[in-house]
Amino acid sequence: MKFDIPEHQKLRPVIQLAPLVDIAFWALMFFMIIAVFNQMEVQVNLTLPKSKTAVQSAQSSGKIVINITKDGHFIVNQKEFTSNGLALMLAQVSKLFPNQQVIIRADELTYHKYVIQALDACGRSNLSDISFSTLRDESK
């Protein structure tokens, strides 16, 4: 028994599945990696201050997030730094990436002096693209 394919089915376009599977795999890997890095910064237990005029800023993927706890501990990429250690790390980063974006996430009960220490460390490292992380206050 010979199986003949009609002529109109021979001319139909064929979707190659191997490249589609490759693209889907790489997209899945990309989003999994991004989710892990974003989750690392959120795991620091901070209560962010609220602002009625908070505006979402454009963020680059290679930003440095400095978490400041209410006890004055500086945490970057799940590593704790002293104020001098933070300054040294930022100085090394600024040599490699002079226009590095820095986001300061300070707990709402953090003393002002710890935020100033982080700003001083950024200033000594010539990093000027600094943002503060807050929550939008939806109450009236």
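Two strands are taken to pair if DSSP finds at least two bridges between them, and strands here are DSSP runs (E, at least two residues), as helices are DSSP runs (H or I, at least four residues), numbered from the N terminus. The model is predicted, with local features needing pLDDT of at least 70 and side-chain atom pairs counting only at pLDDT 80 or more, while totals for chains, interfaces and linings use all residues. Residues are numbered from 1 along each chain as its sequence is written, and side-chain values use heavy atoms, with hydrogens and water left out.

Five of the five residues of strand 2 are buried (under 20% relative accessible area; exposed is over 50% and partly exposed in between, with a 1.4 Å probe and protein chains only). Ile-64, Ile-66 and Ile-68 point one way from the strand, whereas Val-65 and Asn-67 point the other way.

Ile-66 and Ile-68 turn up again in the largest nonpolar core, which has 19 residues; they are listed with Phe-74, Leu-86 and Leu-90 as the residues with the most contacts inside it. Such a core is a set of buried Ala, Val, Leu, Ile, Met, Phe, Trp, Tyr and Cys residues joined through side-chain atoms within 4.5 Å. Two or more residues each come from strand 2, strand 3, helix 3 (83–96), strand 5 and helix 4 (112–124). Beyond its neighbours within four places in sequence, Ile-68 is in contact (heavy atoms within 4.5 Å) with residues including Leu-46, Ile-104, Tyr-114 and Val-115.

Three aromatic pairs are found in the whole structure (ring centres of Phe, Tyr or Trp, the last by its six-membered ring, within 6.5 Å; planes under 30 degrees apart are stacked, over 60 edge-to-face and the rest tilted). One of them, Phe-30 with Phe-31, is edge-to-face, at 5.2 Å centre to centre and 75° between the planes. Phe-30 is partly exposed at 49% relative accessibility, and Phe-31 is exposed at 56%. The Tyr-111 and Tyr-114 pair is tilted because the planes stand at 50°, with centres 6.4 Å apart. Tyr-111 is exposed at 56%, whereas Tyr-114 is buried at 16%.
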